[in-house]
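Me: Please examine the structure shown below and answer some questions on its helices and their contacts.

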Amino acid sequence: PPRPWAIICRGDRPVTLMLATNSDSRILGVLKSFGLDRFLHLDVDGSASAVQSSAGPVLSYFEKCAKPDSRFFQAALQRAATHLGESVPPTNALYVGDQLHEDFWGATTAGLQAAWLQRSTGAESNQPHQQVDRARDDPHDLEHAHQRTITSLADVVDLVESSHTAT
């Protein structure tokens, strides 16, 4: 089957992929060892201020804030704007993460579109629906989380295509 990034990048409306994570720069070497630097800008050079003004990854270590803080997601939008040369409205950004509170609800609260990646590994899953934060346990929130749950990164393609169809 085709790789998700090959599908996402085709067509007349290009999609920019970026990394934003609660980590320090050590994660970048791991991601490069998997060859992901072919699809993501994973270079960080110099000081924290140089990293923050580059088009590279958003790392909580350099941002001095972390998910689920809205400032972290705003930093990601600013980094995308630096890379693209134009502002990126939060509603035009899709954040995909495997942590319900930090990733999904953090991005949602910051105004971004969000998808919760819950891989079906057979092992204990990362934050099942039943463990939703008390502030997010009303039926509307539970349904929203359920509708935006994906089991594979390939599912991101459907989300992106449906958002492009809706605009």
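Reply: In this predicted model, helix 6 and helix 7 pack at an angle of about 105°. Angles of 65 to 115 degrees count as roughly perpendicular, and the two helices are therefore roughly perpendicular to each other.

Me: Which residues make the contact of helix 6 with helix 7, and how do they divide into nonpolar, polar and charged?

Reply: Helix 6 contributes L100, F104, W105 and T108. From helix 7 come D141, H144 and A145. By class, the residues of this contact are four nonpolar, two polar and one charged.

Me: How far apart are the axes of helix 6 and helix 7?

Reply: Two packed helices are described by the angle between their axes and the distance between the axes. For helix 6 (residues 100-109) and helix 7 (residues 139-147), the distance between the axes is 12 Å.

Me: With the side chain of which residue does the side chain of R136 make a polar contact?

Reply: R136 is located in the loop between strand 4 (113-117) and helix 7. Leaving aside neighbours within four places in sequence, R136 is in contact with W105, T109, D141 and L142. The side-chain polar contact, at 2.6 Å, is with T109.

Me: What is the distance between the end C-alpha atoms of helix 5, and what span should its residues give?

Reply: Helix 5 covers residues 70-84, which is 15 residues. At 1.5 Å a residue they should span 21 Å, and this agrees with the distance between the end C-alpha atoms, 21 Å.

Me: Which residue just after helix 5 takes a positive phi?

Reply: Within helix 5, the buried residues include F72, F73, L77 and R79. Just after this helix, a positive phi of about 80° is taken by G85.

Key. Residues numbered from 1 in each chain as written. Predicted model: local features only at pLDDT ≥ 70, side-chain atom pairs only at ≥ 80, totals over all residues. Heavy atoms only, no water. Helix = DSSP H or I, 4+ residues; strand = E, 2+ residues; numbered from the N terminus. Expected span 1.5 Å × (residues − 1). Buried < 20%, exposed > 50% of the residue type's maximum accessible area, 1.4 Å probe, protein only. Axes fitted to C-alpha atoms, helices over the stretch in contact; angles between N-to-C directions. Parallel < 35°, antiparallel > 145°, perpendicular 65-115°, else oblique. Contact = heavy atoms within 4.5 Å. Nonpolar A, V, L, I, M, F, W, Y, C, P; charged D, E, K, R; others polar. Polar contact = N/O pair within 3.5 Å; in protein donor to acceptor, adjacent residues only side chain to side chain.
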